[in-house]
Structure formats: C-alpha cells, structure tokens
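Dear colleague,

I am handing over the structure below, and the notes that follow go through what was found in it. Please keep the structure open while you read.

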There are 2 protein chains.
Amino acid sequence: MAATSTVRAAARRTPAHGLRRYLPFLNWLAQYRRADLPSDLVAGIVTAIMLIPQSMAYAQLAGLPPQVGLYASVVPLAIYALLGTSGQLSVGPVAITSLLVFTAVSPLAAAGSPRYLELALLLALMVGALKLVLGVARLGVVLNFISHPVLAAFTSASALIIAVGQLKYLLGVSLGGETIFETLALAFTRLPQANAATLTIGLATVGLLLFFRHGLRPLLRKAGLPALAVTLIVSGAPLIAVIGGILVVWLARLDLSAGVAIVGAIPAGIALPQLPAARFADMEALAPGALAIVLVSVVESIAVARSLASKRRQVIDPDQELIALGAANVTAGFFGGYPVTGGFSRSVVNAQAGAITGLASLITAAAIALILLFFTPLFTFLPQAVLAATVLVAVFSLVDLREPLQIMRTNRGDAATWLITFVAVLVLGIENGIFVGVGVSLLLYLWRTSRPHIAVVGHLEGETYRNILRHKVQTWPEVVAVRIDESLYFANTRYLEDALLRIVAERPELRHVVLIGSAINFIDSSALHTLEHLHHELRDSGVELHLSEIKGPVMDRLSKSDFLRDLGQSRVHRSTHDAMRALGYV
Amino acid sequence: MAATSTVRAAARRTPAHGLRRYLPFLNWLAQYRRADLPSDLVAGIVTAIMLIPQSMAYAQLAGLPPQVGLYASVVPLAIYALLGTSGQLSVGPVAITSLLVFTAVSPLAAAGSPRYLELALLLALMVGALKLVLGVARLGVVLNFISHPVLAAFTSASALIIAVGQLKYLLGVSLGGETIFETLALAFTRLPQANAATLTIGLATVGLLLFFRHGLRPLLRKAGLPALAVTLIVSGAPLIAVIGGILVVWLARLDLSAGVAIVGAIPAGIALPQLPAARFADMEALAPGALAIVLVSVVESIAVARSLASKRRQVIDPDQELIALGAANVTAGFFGGYPVTGGFSRSVVNAQAGAITGLASLITAAAIALILLFFTPLFTFLPQAVLAATVLVAVFSLVDLREPLQIMRTNRGDAATWLITFVAVLVLGIENGIFVGVGVSLLLYLWRTSRPHIAVVGHLEGETYRNILRHKVQTWPEVVAVRIDESLYFANTRYLEDALLRIVAERPELRHVVLIGSAINFIDSSALHTLEHLHHELRDSGVELHLSEIKGPVMDRLSKSDFLRDLGQSRVHRSTHDAMRALGYV
C-alpha cells in the first residue's frame, strides 16, 4: 500500500507544467533512481529479443525488406521513449499497421521496388504529421469515434486477412487472389505444389512457438521459476526459431538444394536521415491509408498505454501520446522506417519484464542499433517461412469470436455493427472496412438519439410525477405533462414535434402542454427553432406551451433566444408540480 | 372553438387504418362536402395561375425546355393530391431542386440536348424511388440529420447562386464562370455588351413583380379588399408579366429586330408515358445529385406541409409524405417531367386561397393540362428575360442573413455550422455544399456529446447531493461521487475513463468511487467494456467502484453484462444517499 501511495503521489505531481508537459522524459530522467536501472535494462533487452524477429516479419508483411522493420525500431522507438507519457509502451512495427501499409502502397508501386519504399516512408511522414496536428490541437478526442465493436471486428477480420496472406510464405508458392476467400481457395488447390522443405520449416516454427506459449509457459510456472525468467524464455521463442531456421538452412544450404526462400543479404548500418520525395498526387492517393492507420493505431496504442499505466495509478495524456507517436512516425519517415505504433503483446512483455521508465525502450533501441551495425550478415539465410510463422502465431491471438457473442447479449445494435464491420473488412478490404465500420456506428448512434423516449406523466403523490403507462397516476383532460429523455438537437426535433402534435391531436379538450426538461442536457438552434415553431402551432390551435425542470445550461441558451421572449417567462416553471399549481390543478 | 373541435375530432379519426393509410384521398373523397367545392376550385385556379410561369421559369433554370416544367406540374401534382396527407401542399418544380438538377446533369450532357432531358427524367425516377424506399421502410427519420443551420445556410447560398445564374438571361449575353464569383465578375465586365431591349424587359418585370409584392399588396389591403382578392391579384403578377412580355415582343417583333431571346415553339399536348433509358453508369453518376435532392426537398416539403396542417390541428404523416412525393417523382420521370417537390410560397398561396383538400391540386393539374393541350402556341414569344426575372424575385426572399446572427446569439457551434455550409455551397458548389454541411453538423454534435459534463458531488442536506464547485457540501477523502450528464457511448467512454482516472490519481486516500447515472439515458457495448476495464483498473489500485441512480433501460443492459456479474449486485445502489449509507459515511 505504501508503494502504491508513492506512485500516486508521483502521479499527482505530474499534471505537467510548461516544458515538462511536452518533454515528459524531463520528469523521469531528472528523478531517475539508480535502483531502477537493472529492471529497465532487463526489460529493454527482453523486448529487443522479441522485437528483432517481429520487426523483420512485419516488414515482410508490409511488402518491405526486413531491414526496414529494424530501422523503424531504432530512432522512432527512442523518440517515443523521450516524448511519450507511458514508461511501458513499446513502439515499433505492428501487424495490422503493416497490413494497412501494404494495402495503401501496393496499388501504387510493385512491392520491393525503390518507389514502393519511397511511398512507405512518405506514408510514415503523413501518419506522423496527422498525429502531431491532432495532438498539438488537442483533438485526440475525435479518435474516440471508433467504437469498441468496430475495433474488435476490425482486429479479428484483419488478423484473418494477415494469416491468410502468410500462407504463400509457408507453402513456398505464389498465391494471387483478390479477396481472402480466393486466396484460401488457391492455397488449397496449390497445396500439392508446395515446397516441402519450406512447409516443414514453417510448420515446425508454428509448432515451436505454440509449444513455448501454451505448453512451456505453464510448465515453467509449475516448476516454480520466477515470473521474470518465464517471460524471458517465452519471449525468446521467436528468436530461438530464427536462429534455428538460419542454422538449418545454412548448414544444409536448403536455399540452393531445396529452393527455400530466404531473406537474403541485408545491408549493414543505420539508415541516414533523408527526406522522402513527396508529390501531391502520391499524398492524395495515400491519404485514406494514412487516416486509417491513424484511427486504428492510436486507439489501440493509447488503450494499451492506459491499461499498463493504470496498474501503477499513473495517468496517460492522450494528446501528448499523439504528439509522441506523431514524432516517432515522422522520424520513421526520415530514417528509412515505416509507420510504427505501440504494440500490445510487446508492451505487455516490456511491462512484465520490469520496465519502469522510457529508459527500457532506449535500451531496446540501442540493442537493435547494434544488430544493424554489426550482425545483419547473420540474417542472410533466415527463411521467410520462419518470419511468416511468427506473424501467423502472433495474429491468431487477435481473432476473438466470443466477443461478438457477448456484445449480442447486451446490445443488438452493437452486434450488428460488429458483423457489418467484420464482413466489410473481409469483403471490401481492410481500409474501406474501417471507414464503413466507423460510419455505421455513428449512424446507429444518431438513429438511437433521433427517436428519444417520450413519457406522458401524471401526478403520483406529493411533488412526484410518473409515466402514465407504468404507474396509476392522476391526469386531467385539459393538461398534459410530457418528459423527453434526451438532449434536443436537430436529429430528434422533428420526431419530438410530430410526437407532441400527435399527443395534442389525440386530446380534444387540451389547453396546456407542460414540457419537462429534466433529462435534456443541451439544446441546439434547430431545437430552439422547433420549440418556437411548436409554440406558434400550439397557440394557433388554442393550446398553451409550458416548460418545467429546465437545467441550467439549457436555460442559459433559452434565455438568449427569441423563443423565450415570445413564450414569456411566466410559462417557465421550476418543477412540474409548480407548473400544475400555477395552472390550478393541484 | 366548435369548428376547431370538429377538425380535432376528424384528426383523431384519421390515424388511418389499412388502405386508408396508404391512399389518404379515400378519407377526404368519401366525406367530401359540396360546400367545400367553391373554395377548392378558387384555390386550384389561383395556384395554376402562379404555377404556369413558375414551372416554365424553373425548367429554364434546370437547363430544360419550358414545357418540361409544365409536364412536371400535371400528373405528379395529381398523384401527390391522391397520396399526400396535406390538403394544402402544392407540388411541382421548385427553384433549389431545379438548380440541383442542373448541377447533377450538366456535367454529363449539354443543356438542351435529348440526352440531357433523358438524364433529367432518369434523375426524377431515382429521386422518386429513393423517397418511396425511405417511406415504405419508414426511414423518413434519417432526413432529420439535416439540421436547421445547415438548411438555412444552404437555402441562402443556393438562392444567391440561382440569382447570379439568371443574370445571363437578364443581360442577354452568355456568361461562363466556374464559380458564382467569376460569373458575377464576368457580368460586370460584359455589362456594356448587354442587349438593351432584353435588359429593359427583364428590369421592368423585376420592377412589376416587386411592386405587386411590396407596393400593391399593402395598398389593396388598406383599400379594404377581401384577403382572397388580394391573394388572387398578387399571385397573378407573374402571369401578368408573362402576358405583357409576350405582347411587347410579338407586337414589336423584338426577337427579330432587337435580338431578344424568346422561349420559341412549345410542342402541344401532354407527354405520353415512357421509360427513360437507364444505364448503370448514368445512375452512378447521378446518385449524389439524387441523394442531395431527396435530402433538401423532403425536409423543406414536410416542414411546409406540417406548418400548414398544424394551423388546422391536422397531423402530417412524414413516411406517407415520402411515399406520396416518391410516387409523384416516379410519375414525373415517366411523363416527361423532372424532379418535383412541395413549394413553400406556392403552398402558402394555395392555403390562403382556401384549399381544403387535395381536390384543389387536382384542379390546378387539370388547368395546366388544358394549357398544354390548347394554349402552348401563345408562349412562343415569351422572352426568357421575363422568366429569369420571375426566378430572381422568387429566390431573393430565400436569402436570409439575419438568421445566422440570431443563431450566433444562442449557439456558436451552430453559427459555425451555418458559416461553413454557406461558404461550402458557394465555393464547392450546391451538391458538395449540402454534404459538407450535414457532415459538419453531425461531427459537431458528436464532439459535444464526446466531452460530457462531469460533476463531483457532495452531500448538501437530507438525501440531496450537489456539485462541489457550486455548493458548500460535505465530502470525504476516501470516497468520491461523480455524476455524468450524458448517455455513455463509444465517443465519450474514453474521455470518461480519463476523467475518472484523473479524479482517482488526484485523491491519494481514495477507497470508493460512486458513479451516479441519473442523466445516463442509455449505454452501449463500448461503454460497458470501458466500465469493466475501469472496474479492473480501480480494483488493481485498491479502489472500489459503485453505481447509483441507474435508470431502468440502462440497468436492463447492465444486468445482462459480464461487467455487473463481475462487479457484484451489492455495488449497485438505488440512490447516492443509499450508497453513502452503505459505505458508512452518512
């Protein structure tokens, strides 16, 4: 409890002033305790071990040479470590962003060509610039427009697309196919032509990774190994697979004898900074892709950061996160990398391995820089099938089909959103799919609020008025009190007007309508206009409009309007009971 | 009062069963009282007198020959009279829809060409089909997504574009210009080349129309003429201008001697039904135009119908209106017309002239059919400048710049929406402008609800809890009660989570958080997910989450969720006071 309190006290101190708000590393660097160093060091190295094969595999998924994934894991990682508000988030290439890069760039250039790389760098710059703008303008809240069912369906469907996309590397045959269904069908028909050595290496890697994750982890835990050691060993599985794969291919020269596709020579050294050539037409073509990457990557990344931070009672600043991720992507564009973001599994490993501050990520970046400077020749014989297997196992845990069933139980509209997004991603592609999902969820919300619950209430007892349908209440033929359970805005004002006019038309002796505003949180000018209109319509047919229980902010708006001047202050009552009293009914 | 009661009683009877719901004319035709006939007859003829020049003028605005406007005012008018729920709404060509037709069709074909006409007919069919689908599916509510500021700005900006577009007819010179600004500039520079006779006729017509409207009307009223006579004379002004223009040109043969552009020979007779050739590529190209026409015309039309109906305590059924307008447009497409809708000024004249039932519109349609059958040769010498002047005077009353000032006073966000829509229509064009406006207003609404008002409350007295910022209330360091003034859905859940975690981080001794749901009208699955997440985060840092004052429908959702199972029923309290009592504070 004492430790938690310290963290809490630290969090209280952080609501960051001036420079420290925009350069969060000033907070932890100045107060860095030497005692934290071993923990950050171990976490940094564990994460690097995990990131090396992952970043090469995801680069392959994005249609880029493997070193681009490594470049994206050095400078951008360090920049995020300095500017981000999470000490645990591990930034770098991730699966879904990589697929989005492939989707955005592949229609414009052939994968592997210099122009393809140039466009991927430009895309990173655009993604970075967009995030920076949103962060500096403190507009991060717009990213909340991606709802949970949309993100869940998008993630599951994308993972399936990614998994199917890896089959060509596992089988060692080329697979075309416009859609995931065509590709799957082709994979089945071409199974007989599969490269046996490649398939064996790939399946062996999948088996090894699954064993480490699902078989070895419980065993090691049962054996009483410390949690840190378990994390270290399980996270090392992909690296073990990489080393094993390299050795097998190199010793048997399977690349020559059996036609196993390998990564090939990787240039040594770190990419020097350079500005990607930016043409307006290219930027226009890449814009939807950049927008989709920003939408998806930021939401996921901030959710991960927040989840890890809350365990320590720390607070994540979403706008500063946007700035940090934006700067990381801009530097990715300059230093030969491609769009990066915070990865879920990698960040969890980083946190489990003990990362306390951004220093852990700085150490990861340094480790990868060392690899790039001195050890790239080692990866020449790395079979592509090993990387594909790494991706396959990583993304399969993203497919979650129990989620929609749970959503279905509580909310059918949200379940429909899930299904539409899932199908849209599979059929229309990953980029269109996310936009369809966001559009559907927004329309569904507007649809809900556009038909608000409207209750006619009657007098129950004392000053209490309740729905006439649910309670035995007193009513009068000359007066009707109506409660609207929603804020009044353009999408529901006409529904409201129709409903009220219907209520009036049904009551021939009606003389007074009391509109109860207890659930109205705000009112816009369309609603004001409708109220004014309604007032005139009611007056023309001999009915008086009254208001009651109007909230403060709504009253502020009303009092500035012509409507209230026209209606007269005497028609506004503090409570429904006051209104009834004023009209002489109680 | 007795008369009103009769109408009210009639309205009560109308909530239409079976066939009568879809064929509303069965209601009024069966009960038709001979006493209403003179009134309907006069209204029908007055409206026809107004509609003849208007329909030709608007056809010219739409880039179509004048008889197409007349065709659109016969069968479609009769169809609406039979299927519509308003006895006063006068359907036919209107200014803004005509401009939208021009905007949609002119990029695809040259105005005046057979293909242009074919596309206009196809567009009418598409508009009709879309309205029918929306009406039959009872989806008319989606049209409410066009807010008052958007419609107001759109109408004013469109009227300006229409007015500027008429200058070429008034000056008798051709004016190009991509935008309204270029066209205006060209009009100024080409003023010296204007056709003097044309300009004189045009300005004289404008003068005559303005005099009838603003000078003669008050004079006649002062002279004590009955209201009906005043309406008849003032509505006849355009027809008087048309007759005067024809006589002047024909007598002096100004078309030959002075180069005054005339309407030319109009084929006699009513167009026979035929199906416009529909190619998929054309339909695709016309789709945004059809959508824009549906959005704009239905909202305006239903607003007019509702306004006129409410004066008689009648109720308009918006979905049946969609069906009636849809059928009118489909027949417009078959019978050589173009997209039609309910016109504001014309419907008001129809109502003022005494229209009681749809019979008035049937009489109008019959009168225009007579013109088409026997009197079209009379219009050969009609100067185009007279029609242009008619349009100019009609649309100028649509420009309303006091409106945004009034909106500004009550709501800055809505004022911004007005301004963006207005500028977008002028700069991006009428079609894109309406979509930009709708998009902006939706985003603005989502933005508002995405940052809900959150109040920390304390104990005031008895069972009352109030905002700690506004009242002197009792609080405790170990418990915080938070009220959220908005429904919980995906766009605000993350804001809420941030706000709550911040509240927790600021209070080191906190043990309990009570979430007050009195202003939460519904909850979606993203919000449920966030609450679950929040519960775990709080639990991890030693804080208990409690709920109080949850509304019925929200509780229904919660009780089906894993969240509530996980949280436990004991954490849900009827009132905030109950929660505080259970925790032992009061």
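How far apart do the C-alpha centres of domain 1 of chain A and domain 2 of chain A lie? They lie 56 Å apart, where domain 1 covers 54-415 and domain 2 covers 452-582, with bounds that come from an automatic or database domain assignment.

Before going further, please note that this is a predicted model, in which local features need pLDDT of at least 70 and side-chain atom pairs count only at pLDDT 80 or more, while totals for chains, interfaces and linings use all residues. Residues are numbered from 1 along each chain as its sequence is written, and chains are lettered from A and ligands numbered from 1 in the order in which they are written.

Chain A as a whole

The C-alpha atoms of chain A fill a box of roughly 100 × 60 × 55 Å along the principal axes. Chain A has 27 helices and 8 strands, which are DSSP runs numbered from the N terminus (helices H or I, at least four residues; strands E, at least two). Of the 586 residues in chain A, 54% are buried, a residue being buried if 20 or more other C-beta atoms, placed from the backbone, lie within 10 Å of its own.

One helix of chain A shows this well: helix 16 spans residues 318-334, and 16 of its 17 residues are buried. Its first and last C-alpha atoms are 24 Å apart, close to the 24 Å expected at 1.5 Å a residue (1.5 Å times one less than the number of residues). Just after helix 16 of chain A, A:Gly336 takes a positive phi of about 70 degrees.

Chain B can be laid on chain A with an RMSD of 0.1 Å by a turn of 180 degrees and a shift of 0.0 Å along the axis, which is the relation of a two-fold axis; the superposition is by least squares on the C-alpha atoms of residues with pLDDT of at least 70 in both copies. Within chain B, the residue that comes closest to the rotation axis is B:Ala519, at 3.1 Å (C-alpha).

Between the chains, 60 residues of chain B are in contact with 60 residues of chain A, contact meaning that C-beta atoms, placed from the backbone, lie within 7 Å. Helix 23 of chain B gives the most to the side of chain B that touches chain A, with 9 residues.

With best wishes

Definitions and conventions:
Two residues are in contact if their C-beta atoms, placed from the backbone, lie within 7 Å. A residue is buried if 20 or more other C-beta atoms lie within 10 Å of its own, exposed if 12 or fewer, and partly exposed in between; C-beta atoms are placed from the backbone.
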